[in-house]
Amino acid sequence: MSDIKRTMTLNLTESEMQVLEALAKQKEVTKTAVIRQAIRIYQMIDARLSVGEKLVFEDEAAQKKAELMVL
Amino acid sequence: MSTIPIKIYQRLDKSVIDAVLHTELAPSVLIDVEREWRPIRLATARELYSQGRSGEIPQHFQWDWGAKSGKLQLLAYRCLGIECAKKWQGLLMVKLTGGMARLDPDKGKDLVYIEYLESAPWNLAVMVETPLYGGIGSVLMRAAVQLSYDEGFHGRLGLHALPQAEEFYRNDCEMHSCGPDLSYENLPYYEMTRNDAARFFSNSEGSAI
């Protein structure tokens with residue numbers, strides 16, 4: 001892997017951009033950092049699903065579990 | 001893979017010598033390291049056990065960097081290492097995604113999570129009579145803080161510590177103990193806030209990277 005950065009133009013809808021900006025503000029990071037994190041998470045989830053694992057959200061207090069279906 | 005010249009402490013003559021920090025190791029390096037470190041770790045564990053000193057057996061003696069190397073296929077993981085005298089003197093694996101600060105003022109914000117940190121066996125007093133190099137852990141922790149800054153995480157770090165390593169994280173790194181984590185084998189969770197990171201970075205200036 002290399003530290004060399006590559007640049008691209010990203011076309012987002014107004015609402016997608018609003019979410020991106022809100023996340024960047026909430027997490028106190030740049031919009032690039034949010035997108036970088038999203039790519040990492042997407043790759044990690046995809047790798048685990050591809051070997052048969054499941055992605056589950058759990059609410060211990062409410063004793064609820066929900067499996068996220070990723071298409 | 002980028003490299004940064006650093007200084008480490010040579011215990012024999014108490015001198016400071018040149019070393020290199022590698023900021024992105026390939027999986028093959030971890031496999032090679034494990035091949036070299038594992039026999040020493042296991043021999044130490046066997047020796048201490050035979051002497052009835054089981055409590056002194058390094059709690060990381062069963063770690064396997066080779067087995068961990070597969071994680072580096074994912075962007076979320078990165079491994080850093082210190083090289084000196086043509087040998088790897090310490091390794092650090094971090095996860096850049098999914099770790100969230102538990103402490104104020106940044107609760108819920110991203111941090112760099114320390115997965116594993118190990119100094120080479122010949123640098124540890126429990127493994128050899130005369131350890132070669134010192135300060136390896138501190139240099140790697142400083143590198144982790146730098147990485148956290150580079151990621152835009154303001155120096156925040158989080159980790160679960162083995163009991164034998166708690167003193168290092170609490171005293172040397174001045175991290176906050178958040179107590180045992182039931183969701184992580186009851187290991188104590190430690191966190192470095194942005195304020196801790198600024199202090200640690202400034203205190204370790206000149207002594208590490």
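Two residues are in contact if their C-beta atoms, placed from the backbone, lie within 7 Å. Helices (H or I, at least four residues) and strands (E, at least two) are DSSP runs, numbered from the N terminus.

The model is predicted: local features need pLDDT of at least 70, side-chain atom pairs count only at pLDDT 80 or more, and totals for chains, interfaces and linings use all residues. Residues are numbered from 1 along each chain as its sequence is written, while chains are lettered from A and ligands numbered from 1 in the order in which they are written.

Chain B holds 5 helices and 9 strands. Read from the N terminus, its elements follow the order β-β-α-α-β-β-β-β-α-β-α-β-β-α. The C-alpha trace of chain B spans about 45 × 40 × 35 Å along its principal axes. The radius of gyration of chain B is 17 Å, in agreement with the value near 17 Å for a compact globule of 209 residues. This radius is taken over C-alpha atoms, and the globule rule is 2.2 Å times the number of residues to the power 0.38. Of the 209 residues of chain B, 39% count as buried. A residue is buried if 20 or more other C-beta atoms lie within 10 Å of its own, exposed if 12 or fewer, and partly exposed in between, with C-beta atoms placed from the backbone. Among contacts in chain B with a separation of 6 or more, 59% come from residues 24 or more positions apart.

The 9 strands form an open sheet with mixed pairing, in the order β6-β1-β2-β3-β4-β5-β7-β9-β8 (chain B). Strands β6 (133-134) and β8 (176-180) of chain B stand at the edges. Each has a single partner strand, so one side of each is left without a neighbour in the sheet. Two strands pair if DSSP finds at least two bridges between them. β1(B) and β2(B) are antiparallel and share 8 bridges. In this pair, P5(B) faces V20(B) of β2(B). V20(B) also has a bridge partner in β3(B), E83(B). β2(B) and β3(B) run antiparallel and are joined by 3 bridges. By contrast, β5 (residues 112-119) and β7 (residues 157-160) of chain B run parallel, again with 3 bridges. There, Y113(B) stands opposite G158(B) of β7(B).

The hairpin of β1(B) and β2(B) has 4 residues between the strands. Within that hairpin, K14(B) takes a positive phi near 55 degrees, in a residue other than glycine. K14(B) counts as exposed, because it has 8 C-beta neighbours inside 10 Å. H154(B) is a further non-glycine residue with positive phi, near 60 degrees. H154(B) sits in the loop between α3 and β7 of chain B. H154(B) is buried, with 20 other C-beta atoms within 10 Å. In the loop between β4 and β5 of chain B lies P105(B). The peptide bond from D104(B) to P105(B) is cis, with omega near 10 degrees.

The contact between the chains takes 11 residues from chain B and 14 residues from chain A. On the chain B side, the residues divide into 4 nonpolar, 3 polar and 4 charged. Ala, Val, Leu, Ile, Met, Phe, Trp, Tyr, Cys and Pro count as nonpolar, Asp, Glu, Lys and Arg as charged, and the others, Gly among them, as polar.

In chain A, helix α2 (residues 31-50) has 20 residues. Helix α2(A) reaches 28 Å from its first C-alpha to its last, close to the 28 Å expected at 1.5 Å a residue. The expected span is 1.5 Å times one less than the number of residues. Just after α2(A), G52(A) has a positive phi of about 95 degrees. L55(A) belongs to strand β1 (residues 55-59) of chain A. L55(A) is exposed, with 12 other C-beta atoms within 10 Å. Leaving out residues up to four places away in sequence, L55(A) touches I45(A), L49(A), E67(A), L68(A) and V70(A). L55(A) and I35(A) are 20 residues apart in sequence and 20 Å apart in space, C-alpha to C-alpha.
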